[in-house]
Amino acid sequence: GVMYLSTSGNRVHAIDAETGKPIWQYAYQNPREIGVIYSPWNRGVAVGAGRVFMGTLDNSVVALDQKTGRELWKINVESLQQCGCNITGAPLIAKDNVIVGVTGGDSAHRGYITAFNMKTGRQAWRFWTIPGPGEKGNETWSGESWKYGGGATWMTGSFDPQLNMVYWGVGNPAADFYGDSRKGDNLYTDSVVALDADTGKLKWHHQQIPHDVWDWDTAYECVLLDLPVNGKPRKLLLNVNKGGYTFVVDRTNGEFVAAWPVARNINWITGVDAKGNLLGRNEPKVGQTTMVCPSIGGGRSWNQGAYSPKTGWFYTTGIEWCQDVTAQKEEPKEGKEFFGGVFKLRPPPDGKPGGHLDAYDPISGKKHWTYESKYPLLASVLATAGDLIFTGDPEGNFFALDAKTGAKLWNFQTGSGNRGSAISYSVKGKQYIATPSGWGSAVAGIMGQIWPEVETFRNGSTLFVFALP
Amino acid sequence: MIWLALFFAAADPAVVARGDKLFAQNCSIGYCHGAGGAAARGPRLRGRAFDASYLRSAIHDGIPKSAMPAFKERMKQDEIAAVVAYVQSLAGATGEAPATVPVSQPAPLTGSTPVKPGYALFFENNRCGSCHSLGGRGTAVGPDVGKVAKADLAAAINATRSRLVRTVKLKDGETFPALMGKEDGAYVEAFDLTAPPPVKRTLERAEIVSVTPASTWSHQAAAGAYTPEQMADLIAYIRFAAAGE
């Protein structure tokens, strides 16, 4: 009956989930100077072995006593100045370990996923998302580019206890828009990797975008689905990338199954063939301006979609926006920004900018309904067994749609933009729906280039909990 | 005197133009500020009046606990003054920010990482840097290697024992080598050195059976792991970094 949640600047709150009464609070002491662009946000905590785990802005992991909030252990994953990256994603628990990714990909660094023993904090294993010299895949990086090639592991992975595999989406290669100094496919950036949960060893990988020059992180959630494909039951993994494409693979071996778009304005490729290869790449050029759709904010943003086993549909958002990108040659400096270009957002050429939430068949990508939104929808989607779909918008509305038709059934104005993830839970047999409200973030900032008025949207940091009488 | 100089500098179109270029090379890059001070990940700077001393402090020292880094080691004082002058010149800017324009590669920043062969040996793959800080990098758990005399460094790196490391035994039977940290009432901090990186564990005094001098712990990654050439590189780097970058 206790809810644990984090707020920006690495604070953790334990709250009575029935009454909202605070039980304990913890404030991590970050150093005065962070100076890493992936700050000061946090996406959540994990709970296991009587502990609450959180990654921090100075690239550490802390374990707190679940009952009191007392810090039990802390480990610095890597020096903040060296990495130029930190941890904003919620940790994942798999067996005895707590597993964390790192931010990055827009800095000169080499990404990784690290597992720590939940009890002692000792490092159990590390998987480097870029293979080192002598390792398979290192040949997909020209010269020394592997050292500073990004491959951040921003979000929370997924764990399949039956297959004993941990799945994680890996972000873009660095520099974002300039690829001439990192010739090759750049493994395992823009890939989903499957790791042995005990050792962190690679079991398989599936790269969605070889040699990305658009900053299309493949770092979003890995949705594990058991569904028939052409009449045959398959264990699947669905992942939407920042370029606006959904990839479905077999999660036992990484075999490609399907790909389909979540945004209408996509021009960086013309499509994906039957084997999962990209067609018609439209790459930014050095010193020239190229219009690329979607914008770097993504054909979908970072917060997760939802699958409903009741309808059998996957619910996710999409965004219609573009940008003018100019690539530029850039040399890496360890731990420092490494973009290789500049961009300016613009509305799509053939229509209005905006967002939408859609219901899809998870394999064919067939769209069953669309809910249109004036602004991009940046909050996560929640599907309930009562056939309701919950999400919120930048104007502060938290609302429920009919899972079968998309019709709006209920709306509540929370007073500040919705940017987090709603959850459903029950205490003593009563169901609750909780959502955080509070505007902000990098994407909220760049939205001002298309919608200047969002700058005036109210900030906030409030948790709302709803129940039926 | 400095502020007076800044004040006059702000009115000089040549300084503003220089600040414009520096802003494009260092500030309106990728995911930081927008072109011409447009809204981006960083806040909008166009059409807003900022105090010069605030701007100088934000650029020089960064903004505490935020994404805004300190530029004091990346830009010279007169460069910072030029950027301040440029941002102040945007106070009256109205309408759209200029379109994204190609800018030359960002100017080489002063104080970037010196590339020395010993650097990788010190910092990469959970080696020295996971336990020792040097030149503002790494994690300061073990002794300050910058203070070790040059003649003693080789012996310190290869040391198989340490006078500082203890063996901690807990009630549940667990034992581990540790550097002891702060003690606070009922709690004791111990940096668990079982494997790098060290884990700072805050133990209840009541769960500790004993803390005794360690007999077996050693620099696992270091002892005997280096060729004479690597050892020379490592020591040269430590001496170089300790002298100040």
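Colleague: Which residue caps the N-terminal end of α2(B)?
Modeller: B:D12 does: one of its side-chain oxygens lies 2.9 Å from the backbone nitrogen of B:A14. That's a polar contact (N or O atoms within 3.5 Å, one able to donate a hydrogen and the other to accept it; residues adjacent in sequence count only if both atoms are side-chain atoms). It's a predicted model, so local features need pLDDT of at least 70, side-chain atom pairs need 80 or more, totals use all residues, and side-chain values use heavy atoms without hydrogens or water. Residues count from 1 along each chain as written, with chains lettered from A and ligands numbered from 1 in written order.

Colleague: What should helix α2 of chain B span?
Modeller: Its 14 residues, 13-26, should span 20 Å, and the end C-alpha atoms are 20 Å apart, which agrees. The expected span is 1.5 Å times one less than the number of residues.

Colleague: Which α2(B) residues are buried?
Modeller: Among them are B:V16, B:G19, B:L22 and B:F23. Buried is under 20% relative accessible area (1.4 Å probe, protein chains only).

Colleague: Switching topic, is B:H132 buried or exposed?
Modeller: Buried, at 10%. B:H132 is in the loop between α5 (117-123) and α6 (150-157) of chain B.

Colleague: What does its side chain reach?
Modeller: The B:H132 side chain reaches the backbone oxygen of B:P143 at 2.7 Å. B:H132 also touches residues including B:F122, B:R137 and B:H219, where contact means heavy atoms within 4.5 Å.

Colleague: And how many helices and strands has chain A?
Modeller: Two helices and 35 strands. Buried residues make up 66% of the 469 in chain A.

Notes
Helices (H or I, at least four residues) and strands (E, at least two) are DSSP runs, numbered from the N terminus. Buried means under 20% relative accessible area, exposed over 50%, partly exposed in between (1.4 Å probe, protein chains only). Lists of a residue's contacts leave out its neighbours within four places in sequence.
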